[in-house]
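Reader: I am new to this structure and would like to learn how to read it. Could we go through it feature by feature?

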Amino acid sequence: MADRFPSPFDIETPEGAEGWQDMYVYSSLFSESRREFEDSIFWFQDGVHWPKVMTPWDATFYEFAIASLSQYNTRHLQVPPANGIAFRILNGYGYLTPVPADPAMIEARVANFMDRAGFYFMNWNDLYDKWMIKIRDLVKELEAVDFEPLPEIEDADRVVKSGAGLGSGYRIQENYRTLLDLSLKLWNYHFEFLNLGYAAYLDFFGFCKEAFPGIPDLAIAKMVAGVEVDLFRPDEELKRLARVALDSGVAEAFAAGDVEATCEILKGSDAGRAWIASFQESAEPWFNFSTGSGFYHSDRIWIENVEIPFEFINDYIVKLQAGDDLARPMDAIRAERDRVVNEYSELLATDEDREAFQGKLGLARVVFPYVENHNFYVEHWSHSVIWRKMRQLGEVFVKEGFWSEPNDIFYLKRTEVEDALWDYYVSWATPEPAAGPGRWPAIIDKRQKICDALRKWKPVPALGAPPEVITEPFTVMLWGITSDSVNSWLGGGDLKEGELRGMSASPGLVEGPARVIYAPEQISEVQQGEILVAPLTAPSWAPIFGKILATVTDTGGMMSHAAIVCREYGLPAVTGTGFATTTIKTGQMIRVDGNNGVVSVIG
Amino acid sequence: MSVTMWFESYWPGLKSEVGGKAASLGEMTGVGLPVPPGYAVTTAGYRAAHDAADLDATLARLLHGLDTSDTAQVSTVCAEIRDVIRTMPLPAHVEERIRLDYEQLCRKCEVDSLPVAVRSSATSEDSPDASFAGEHDTYLWIRGDDAVVDAVRRCWASLFTDRATCYRVEMGYEHRSVDMAVVIQKMVRPIAAGVAFTLNPANGDRSQVAIDAAWGFGEGVVSGEVTPDNFLIDKVLLEVTKRDISNKAHEYRLTDHDSVEKATIDDDRAEKPCMTDVQLKAVASLAKTAERHYGCPQDIEWAVDADLPEGENIILLQARPETVWSKKPRESVTGGAAKDPMASIVSTLMNPLYTKKQ
């Protein structure tokens, strides 16, 4: 068994991907100038959030997100043992490494952390209310960003005689900068609470593990998990719309085959028009929901691809007609949560332990709604708006002949978009031909080929020498990376041929045929009674969980968004197996042991 | 008063009619501790048989002038009394009830001529002579309704062992005052069997049920001859949290002539888990119920019965208090004064639990 992963400097560029480095900002690359640092540590690929090759602009959220996380740990809160997370891009994939704090500084950091984090814990609900206002305001500001082709001549009243002194040429550039500013702001907001939420959760987690060494991680998650969670709301809205369709007698319209035909039928009756109005009400904001992690421009968003929610609604109509009531049994879920809490509490040794248990559970439950809900507001809702706005800008460039498809804009780095806007602005102001139409198509074409070549490369799960034990708490919680998973990546462990080990994210043991899905577009291939095998799952896949027997993913931990939803739907799940999509073939019979985190190919 | 009582119909008001043993089996059935299924012939059954055969007259005649110091005489007289009881005809309603209930038990287990255990159930446990009643009163592997009726009579006859009879004569007790109920209970035929602790014996973790299990009868597990499969099941979620499957080279199994023998297991089966998850959860659930019922950690013996339907096939054979961890004082996790929550969070971040390694 190897004791280390390849050095980032020994990874070769895949054939056809030469020059990939030009797609990303220089600071996100491994570089000779800091080789000593980069070669001395352990990097893992973040397949939880970025399982696929990042196009140049898509790297924006990767960089904004991890930098914001780091800033909070290091500069705002002073998490005692942990500084931020260094991030790099290699062959199009993201590699991370947690940076520990200087041991000599820890004592001073403890005092600061107790003061600062303590303030947040003490005032959590007030601050969280403020967060909700901030995030909704931010979405409003994002919605206000508008990209239209520059006018032949500025409006006399609104621009010239208003005395504003500024015109559309300035505004279009300002709007793009605003979009970037709001994106960074969004990610700052995201980490205002997140790691604190996990810290309180980890504290309760640690207490439970100490009191009950054998307690499953799942039991702890179950005690803390909320019953009504915003992340489940889009799915609930689909069910609601299916019920409305049946109750108002317009359900047959969904058998029409496609969205257009269905809508034509719906528009023909009062009830149908009322249903469309009801759909639109749900859609904002709940269908600003990505079929992926929300981190890729290629992830399809329900509100932009209404055939996705329509298909799910139709599935739900069929289920309702078959007598399934689709309702989440809220009272039963609450009662079960109370039972689990009471039984563990009774098993504790002393009343003092019970008091501490209740206190920690109480805090974990105060912080957890943020952990569960932020994902909808940030990665789904806000990102959906940002992708939409970017496509609108891409369209402007298409009209001006800079490139041919709105999505081509994502093959430019975020700073290059500013260059292109400048070019466009100057050519409009002068006027004169813009330089861009002669420049960008070739670059975009080349980068598309590079990305295709990179997609064929199987990212190594890690780089460099792993530490003896993985101790960084967030690495374990958020990325599901433990000493065990590192060992199994290195080819060690006691696994038998045809076995994969991951995290037991949701309990149960089932056998069934595998369906390997590499991209969200393929989820309609999933058949009743199959086991879903995917790089990762997204919360928006929830409607297909009614069809499948179990879920296996390459990446993700206990608290990954996907794991939360799998548990909600009561499906066995093994996450973070590393190689499920490359080892398992569609149609093979597999056994998923969600209790022990083992997946085996049995035929 | 009925002639028989099924364990599941027991309530405490019946205790004096069914005796201590049947009362305990009935009570366990009632609280969800699944003992092997069966029923009891009540004291009313005995009384009816006693009266129909006019045993009072027979006893008065045979015991008249008995010298309890003459062991030879005692032995002869008591043997004669027992003979009378063993051969006396039963009133039709009593005999029919015993036979019908036996047939019903056979149907429940889907086995013709179901082997049962027939044993006495003393009704006056507080009186000293109760201890004599149980001397020779257990009959195993009884098959068929004729044999059951016969074994019931033999149990009744055991009221008149030499010692019990002498004791009553010396103390001046009325022989008519003694009563007996009889328990008829399915013989367990285990697919797999073993032991369970309501805590993890390795570390005292009360949230786990530890189960050792092997094929066949539990003797091999209890004696340590077989390396059993070992499981941990979370007590609250009832999920299997750990499993170690062993090569279980042999088992104790039933022969054709109702005895138990040690036999080698072929490799294929030896390597296989002897329990399904459903069965493991049922054993854990049973252990948990026993712990609740008795109010302290338990060490139980159980079996998966081959004849009972899935869902009812986990049988409790014995429950006793766990003695190792229960004797140690339990350690508080908070250890001393309740910690400041912030200090605790800092300590969690500083000493990640994954370094502590479970």
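Reader: How many of the 8 residues of strand 12 (residues 298-305) of chain B are buried?

Author: A word first on the source: this is a predicted model. A residue counts as buried if 20 or more other C-beta atoms lie within 10 Å of its own. In strand 12 of chain B, 7 of the 8 residues are buried, which leaves the strand mostly covered.

Reader: Which strands does strand 12 of chain B join through bridges, and how do they run?

Author: In general, strands of a sheet pair through backbone hydrogen bonds, either parallel or antiparallel. Here strand 6 (residues 190-197) of chain B is joined to strand 12 of chain B by 7 bridges, and the two run antiparallel. Another 7 bridges link strand 12 of chain B to strand 13 (residues 314-321) of chain B, again antiparallel.

Reader: In what order do the 5 strands of the open sheet in chain B lie?

Author: The order is 1-2-5-3-4, with antiparallel pairing. Strand 1 (4-6) and strand 4 (138-142) of chain B are at the edges; each has a single partner strand, so one side of each lacks a neighbour in the sheet. On average, neighbouring strands of this sheet are turned by 20 degrees against each other, direction ignored.

Reader: Which helix packs on that sheet, and which strands does this helix touch?

Author: Helix 7 (residues 145-157) of chain B does, touching strand 2, strand 3 (116-122), strand 4 and strand 5 of chain B. The direction of helix 7 makes about 25 degrees with that of strand 3 of chain B. Two of the touched strands, strand 2 (residues 38-41) and strand 5 (residues 180-186) of chain B, are joined by 4 bridges and run antiparallel. Within that pairing, Val41(B) has Val182(B) as its bridge partner.

Reader: Which residues have the most contacts inside the largest nonpolar core?

Author: The general idea is that in soluble globular proteins, nonpolar side chains tend to be buried together. The largest core in this model has 174 residues, and those with the most contacts inside it are Tyr201(A), Ile313(A), Val367(A) and Val533(A). Helix 6 (residues 168-211) of chain A gives the most to this core, namely 20 residues. Setting aside neighbours within four places in sequence, Tyr201(A) is in contact with Val224(A), Ala364(A), Val367(A), Phe368(A) and Val371(A). A second, separate core has 90 residues, among them Ala22(B), Cys78(B), Val118(B) and Tyr139(B).

Reader: What radius of gyration does chain A have, and what would a compact globule have?

Author: For 603 residues, a compact globule would have a radius of gyration near 25 Å; chain A has 25 Å, so the two agree. The C-alpha trace of chain A spans about 80 × 70 × 55 Å along its principal axes. Chain A contains 19 helices and 12 strands, and 48% of its 603 residues are buried.

Reader: How many residues does each chain bring to the contact between chain A and chain B?

Author: Chain B brings 33 residues and chain A brings 43 residues. On the side of chain B that touches chain A, strand 8 (229-234), strand 9 (240-244), helix 12 (341-350) and helix 13 (353-356) of chain B each supply at least two residues. Helix 12 of chain B gives the most, with 8 residues. By class, this side of chain B has 15 nonpolar, 11 polar and 7 charged residues.

Technical notes: Residues numbered from 1 in each chain as written. Chains lettered and ligands numbered in written order. Contact = placed C-beta atoms within 7 Å. Nonpolar A, V, L, I, M, F, W, Y, C, P; charged D, E, K, R; others polar. Pairing = 2+ DSSP bridges. Axes fitted to C-alpha atoms, helices over the stretch in contact; angles between N-to-C directions. Core = buried A, V, L, I, M, F, W, Y, C linked by C-beta atoms within 7 Å. Buried ≥ 20, exposed ≤ 12 C-beta atoms within 10 Å, placed from the backbone. Rg over C-alpha atoms; globule rule 2.2 N^0.38 Å.
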